[in-house]
Amino acid sequence: MSLIRGVTRRDLFMKAGIFLNGIVGVILAVPIVRYLLSPVTRERKAGYDSWIPLGDLEQFPSGETRLATYRNPVVSSSDGGTANIACWVRNVDGKSFQVFAINCAHLGCPVRWFPQSSLFMCPCHGGAYYQDGSRASGPPERGLFEYDYRIEGGKLLIKAGEMPTPGQASNIVREIRTCV
Amino acid sequence: MRLIKSIGEWLDARLQLGTSIRETMEHPVPRETASWFYVFGSAAFVVFMLQIVTGIMLALVYVPSAGEAWNSLQTLNHDVALGWFIRGLHGWGSNFMVAIVLIHMVQVFLFGAYKYPRELTWIVGVFLLLVTLGMAFTGQVLRFDQDAYWGLGIGASIASRVPFMGHSIVNLMLGGPIIAGTTLSRFFALHVFVVPGLLIAFVAVHLLMVLKLGINEWPMPGRVVRKATYTKEYHELTQKDGLPFVPGAIWKDLFFAAFILLSIAACAAYFGPFGPSGPPDPTIIQTAPRPDFFFLWLYAVLSFLPPSMETPALLIGPVVGIIALLLLPFVFGEGEKSWRRRPIAVLTILLVAVALGTFTRLAGNAPWSPVMDAWSAIPIPPEFLHNRSALERQGALIFQDKQCHNCHSLGDQGGKRGPDLDAVAVRLTQDQLIRQVIQGGGNMPAYGKNLSPAETTALVAFLETLHPAGQSPARDASRAIALGPEAGASPVTRR
């Protein structure tokens with residue numbers, strides 16, 4: 001075989017074969033990667049948040065903080081109970097509201113409201129927040145995550161759909177806004 | 001007998017594996033390595049086999065769907081004959097596997113086995129440790145209960161802190177905007193296909209290198225590893241004073257593997273399976289999520305790190321740790337193998353073991369977490385209420401009602417988040433108590449907006465009674481001078 005110097009027919013075909021498989025590999029890799037990245041691209045394009053009704057305003061008496069639950073707007077048939085999300089609704093003075101995510105701003109554990117001491121406490125690492133969601137003590141670096149809200153036809157609506165985490169762009173923006 | 005032999009010969013004539021298998025089994029190993037210290041690697045492998053078998057069994061019933069998984073675990077526990085035992089085997093097998101892999105790693109480290117020419121064996125071993133921990137974490141997720149749900153939330157919160165890409169990583173990890181169906185499906189794929197695939201591949205390379213390079217000889221003080229001479233010296237050692245792996249050394253591996261399997265079975269039978277705890281419904285917020293045993297230390301570290309240090313420590317710490325482990329055989333590839341001549345190596349192990357042990361133990365009772373129901377479920381011990389005035393007892397009531405007890409203990413009952421208050425009156429004067437209650441500080445929330453002046457007075461009156469019988473409460477000496485001797489004596493009642 002190697003008696004013939006230079007490129008043999010077989011060598012050429014082998015290299016062409018490898019090259020062909022390389023091209024096919026790239027052709028296949030594009031849809032595979034796009035498939036894998038779909039949770040990210042979906043977020044970039046349409047976003048996950050939408051306006052969700054939490055219930056009638058009467059459910060949230062003035063000056064009190066109540067637990068509310070909603071069905072996440074982005075669901076799949078296999079979600080079961082995991083798509084039911086809780087949040088804390090604070091009726092500040094009958095007119096303005098604050099809606100806090102259930103997730104602690106430290107590591108996402110569910111915070112609990114204690115009306116007697118007007119504190120939110122986290123059972124995981126002991127983060128505590130005042131009634132307006134600002135940080136009181138413990139490891140959290142910031143206050144509770146807050147959803148945008150609006151009132152429409154006697155109902156309270158919030159803009160939600162994504163689990164809030166410390167690294168989320170919208171939360172970082174909000175944090176800067178509250179700092180200023 | 002003759003039939004079996006002829007079938008064997010027929011197979012070998014076609015497979016042609018007999019010779020190489022026999023050579024592998026009978027390859028000579030240094031005499032001292034036929035030791036009880038050299039059984040952990042094979043034990044980890046055997047436990048991995050158990051995990052594969054029990055894992056397949058569980059997959060026969062388990063439903064990897066967020067809406068169904070928890071119910072299918074209940075079915076396994078209660079409706080399938082011995083389903084609870086198989087779950088127990090798999091759960092305890094997981095704990096044993098992590099433990100044995102860690103012990104194996106410590107033994108290899110102390111015996112200098114990572115040195116030339118076994119650097120790559122060590123590096124693959126580091127990957128095996130990471131992959132084993134990956135199996136433990138993804139497995140904890142598949143036990144889809146409250147702990148799994150909020151554990152995922154913690155994982156997402158940590159991942160979200162990666163600069164620039166954090167948010168995308170969270171979406172990728174969860175398979176969507178929230179912890180839901182797609183999240184469990186992808187963790188199922190990771191736990192059942194991806195990570196075990198990696199594990200099998202790494203184990204194969206790891207074992208191949210152990211066979212090719214030979215098992216590490218028993219380290220002798222003074223027998224120094226030099227790249228130029230090591231291979232020749234090792235060869236002489238095995239040839240002159242070696243013995244065949246089978247049966248010379250393997251019987252100890254077999255005995256230990258059987259002992260470990262029996263221990264796992266005993267734990268599974270006696271303690272039963274792990275969980276599941278409450279259903280993974282995030283609207284049930286009366287929960288205090290806890291990680292599994294091997295991640296408890298991390299849970300403790302996360303509560304102790306100062307807020308400003310947390311993100312860098314979480315993101316940089318693991319990278320530095322893994323790089324240090326990977327670089328170890330290149331930096332210390334030659335020299336003494338014996339732990340008797342490597343005091344820093346021994347101290348490192350002790351330091352890491354004591355640190356991990358302490359953090360794990362602390363995480364067992366989690367003093368940093370408020371006891372969420374202490375204010376309503378744990379009464380103030382009677383001795384703190386005997387012979388108290390009405391005002392002081394009113395203060396005790398406020399102490400309970402304002403959830404002070406959730407973070408502060410009295411008579412060792414209640415939260416440990418803040419300091420215990422058994423003798424707080426000795427530490428703080430009246431003014432200091434008032435200031436602390438109203439303004440908070442030192443990691444305590446301020447209660448100024450939430451306590452009326454009357455409530456503050458009553459609460460501080462109660463706190464001032466908290467001192468040992470023979471010890472008087474702290475007093476501000478200047479007060480007596482400024483307001484007269486009566487003011488210093490009992491300021492609260494005078495007001």
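Two residues are taken to be in contact if their C-beta atoms, placed from the backbone, lie within 7 Å. The structure is a predicted model. Under this contact criterion, the buried residues of α17(B) pack against α18 (404–407) and α21 (453–464) of chain B. The buried set of α17(B) consists of B:E392, B:G395, B:A396, B:I398 and B:F399. Viewed down the axis of α17(B), these residues fall within an arc of 160°, so they line one face of the helix. An α-helix has 3.6 residues a turn, so residues three or four places apart point the same way.

The length of α17 (residues 390–401) of chain B was also examined. Its 12 residues, at 1.5 Å a residue, should span 16 Å, and the end C-alpha atoms are 16 Å apart, which agrees. The expected span uses one less than the number of residues. After α17(B) comes B:Q403, which has a positive phi, near 65°.

At the level of the whole chain, chain B contains 24 helices and six strands. Its radius of gyration is 30 Å, whereas a compact globule of 495 residues would have a value near 23 Å. Along the principal axes, the C-alpha atoms of chain B fill a box of roughly 105 × 60 × 45 Å. Of the 495 residues of chain B, 37% count as buried. Among the contacts in chain B with a separation of 6 or more, 77% are between residues 24 or more positions apart.

In chain B, the assignment gives domain 1 (33–365) and domain 2 (374–494). The centres of domain 1 of chain B and domain 2 of chain B, taken over C-alpha atoms, are separated by 48 Å. In chain A, the assignment gives domain 1 (9–36) and domain 2 (48–179). For domain 1 of chain A and domain 2 of chain A, the C-alpha centres lie 50 Å apart.

The two chains touch each other. In total, 55 residues of chain B are in contact with 49 residues of chain A. On the side of chain B that touches chain A, the elements giving two or more residues are α7 (146–159), α8 (166–174), α9 (181–213), α13 (296–304) and α14 (307–331) of chain B. Of these, α7(B) gives the most, with seven residues. By residue class, this side of chain B divides into 26 nonpolar, 22 polar and seven charged residues.

Two individual positions, one in each chain, were considered further. In chain A, A:P31 is found in helix α1 (residues 9–36). With 9 C-beta neighbours inside 10 Å, A:P31 counts as exposed, the limit for that class being 12 or fewer. In chain B, B:F137 is found in helix α6 (residues 119–142). B:F137 has 20 other C-beta atoms within 10 Å and is therefore buried, as that class requires 20 or more. From C-alpha to C-alpha, B:F137 and B:L243 are 41 Å apart in space, and they are 106 residues apart in sequence.

Technical notes
Residues are numbered from 1 along each chain as its sequence is written. Chains are lettered from A and ligands numbered from 1 in the order in which they are written. This is a predicted model: local features need pLDDT of at least 70, side-chain atom pairs count only at pLDDT 80 or more; totals for chains, interfaces and linings use all residues. Helices (H or I, at least four residues) and strands (E, at least two) are DSSP runs, numbered from the N terminus. Ala, Val, Leu, Ile, Met, Phe, Trp, Tyr, Cys and Pro count as nonpolar, Asp, Glu, Lys and Arg as charged, and the others, Gly among them, as polar. Domain bounds come from an automatic or database domain assignment. The arc is that of the directions from the helix axis to the C-beta atoms. The radius of gyration is taken over C-alpha atoms; the globule rule is 2.2 Å times the number of residues to the power 0.38.
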